[in-house]
Structure formats: structure tokens, C-alpha cells
Amino acid sequence: MHLPAPEELITRTAAFVEEKFASEGSGHDWAHIRRVWLGARAFAKAEGADTLVTELAALLHDIADWKFHGGDEEAGPRAARAWLASQGASDELITRVEMIIREVSFKGAGVATPVGTPEAACVQDADRLDAIGAIGVARAFAYGGHKGRALHDPSIPPVQHSTFAEYKNNGGPTINHFYEKLLHLRERLHTAAARRVADERHAFMEQFLAQFLREWEGRDLDCE
Ligand code: ADP
Ligand code: NI
């Protein structure tokens, strides 16, 4: 089969993913994928990682998320393989992309998610940066709304999941997600460039949480 040039393969993959995610409302929209793509590409350039593999993996990292495929962690790598094979990509390239998609996902505060390659580090960092800061706050509540969850319930404490299975089955209020995942992400980034971006986003989330709890408890009413 005719092997497409790298630029051509990236352009076609971006068009394929954009079309597939055009009407997605759970936080896994094309805008998220696009931000991860641009972030991962910037980190790959800064780190001297392979940009073709990084960009393809970033574009395909949420193509068939386990959360929407009955918990099947292989659905994503399988869908990425099918697409890249249909485009005539080499088996070596496809295998590298599959590996990154397997490694990118967060699996619980107590579960290590090491990356095996600089390309995986760039994609994982870009994906995690998009889960923190103002966009991270918006995505968390969009996801919680999609799942019909409460914003907050102080009677349900957050859990530090120590296995992926436990994390997968969590169904708590959205504020808990900050303590179960989002506030841990900054410390788990790999690249220096992503860490620099994360500082401001992390501080913003902390400020958001402090203000949210202030309003929840009526501490800002100030009407004695
Ligand atoms: P990513 O796309 O960064 O890999 P996920 O697929 O885990 O992240 O989730 C997509 C978005 O939905 C992220 O912003 C994430 O924080 C949010 N999300 C995932 N699980 C929950 C949850 N239990 N409560 C609230 N938000 C969640
Ligand atoms: Ni993602």
C-alpha cells in the first residue's frame, strides 16, 4: 500500500478525529484533542522527541476511551491501529502509537503511570494539562453533568484509589474528582515545559476550590 508522507498522515488523522468527535459533549471533544495535539507537539519539539509519533498518538489518544467502551482498555489502541493501518502506516509506527495510548491514561491517585518513551511523556503531559486550570474545572463539571452527579456532597469523602479497577468504578460528586485526580496531576508531569504551565493552572484550581467551599458554606455572606 502507498505510504503517506508524515505531514499527510497527520493532516488526514486530524480530519478523521475532528469529524468523529464533532458532536461529543462529555469533555472528550475535538477542542480537547486539538489542545492536546498542539501541546504535545510543542513539548516534543522542546524535548527533541519524535513529532510524528507524538502528534499521531495525541490525535488518537481518546479515540475509544475505556470509560465509554465498557471499561475495555484495549478499545483505544485497537481503534488507533485500525485507522493507521487503513492509511498504510508501518507496523512499527502503529505499535509505537498504541503503546503511548495505553500509557496516557490516569488510573488513580495511588497508581503509578510511568511512561516508557519521551513521546509518551509529551502526550501524557499535554493531556493532563488539559484536565487542570480553568479548562480542567469546566471539563470536570461537564463530565459530572454528563454522568448526572452532584456538584458537591460533604458527606461523601474523596478516596485515594490504589487500584485502577477502584478508580474506574468511582462515582462520587465532582468536587471529589479534584482531590482524587486533578490536584495530583502537577506533581506527575514529566517535561519541564509542562510543569511550567501547570503551576499557574494548579494555583487557579486551588483558588477555585477555596472560593467554591466558601460559597457552599455561606462564609462569604458576611451578614451578621
Ligand atoms: P483525559 O482526557 O485527560 O485523559 P479523562 O479521560 O480521565 O481525562 O477524563 C476527561 C475529562 O473528564 C477530564 O477533564 C477529567 O478530569 C474529567 N473526568 C474524568 N473522570 C471524572 C469524574 N469522575 N468526575 C469529574 N470529572 C471527571
Ligand atoms: Ni484526553
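Me: What covers the buried residues of H5 in this predicted model?
Reply: The cover over the buried residues of H5 includes helix H3 (51-60), helix H4 (75-86) and helix H6 (118-129). The model is a predicted one.

Me: Which residues of H5 are called buried?
Reply: They are Arg96, Val97, Ile100, Ile101 and Val104. A residue is called buried if 20 or more other C-beta atoms lie within 10 Å of its own.

Me: What makes the buried residues of H5 line one face of the helix?
Reply: Looking down the axis of H5, the buried residues fall within an arc of 135 degrees, so they line one face.

Me: Which exposed residues does the face of H5 turned away from its buried side carry?
Reply: That face carries Asp91, Glu92 and Thr95, which are exposed.

Me: How do you know that the span of helix H5 agrees with its number of residues?
Reply: Helix H5 (residues 91-104) has 14 residues, and at 1.5 Å a residue it should span 20 Å. The C-alpha atoms at its ends are 20 Å apart, which agrees with that expectation.

Me: Which residues make the contact between H3 and H5?
Reply: On H3 they are Val53, Leu56, Ala57 and Leu60. On H5 they are Leu93, Arg96, Val97, Ile100 and Ile101.

Me: What makes H2 oblique to H6?
Reply: The axes of helix H2 (residues 30-47) and H6 cross at roughly 140 degrees and come within 8 Å. Roughly antiparallel would need an angle over 145 degrees, so H2 is oblique to H6. The crossing of H2 and H6 is right-handed.

Me: Which residues of H2 and H6 make the contact?
Reply: H2 contributes Val36, Gly39, Ala40, Phe43, Ala44 and Glu47. From H6 come Pro118, Glu119, Cys122, Val123, Asp125, Ala126, Asp127 and Leu129.

Me: Why does Asp220 count as exposed?
Reply: Asp220 has 10 C-beta neighbours inside 10 Å. The cut-off for exposed is 12 or fewer, so Asp220 counts as exposed.

Me: Where is Asp220 found, and which residues does Asp220 touch, not counting those up to four places away in sequence?
Reply: Asp220 lies in the segment after helix H10 (192-216). With residues up to four places away in sequence left out, Asp220 touches Arg214 and Glu215.

Notes:
Residues numbered from 1 in each chain as written. Chains lettered and ligands numbered in written order. Predicted model: local features only at pLDDT ≥ 70, side-chain atom pairs only at ≥ 80, totals over all residues. Helix = DSSP H or I, 4+ residues; strand = E, 2+ residues; numbered from the N terminus. Expected span 1.5 Å × (residues − 1). Arc of directions from axis to C-beta. Contact = placed C-beta atoms within 7 Å. Axes fitted to C-alpha atoms, helices over the stretch in contact; angles between N-to-C directions. Parallel < 35°, antiparallel > 145°, perpendicular 65-115°, else oblique. Left-handed = near helix turned anticlockwise from the far one by under 90°.
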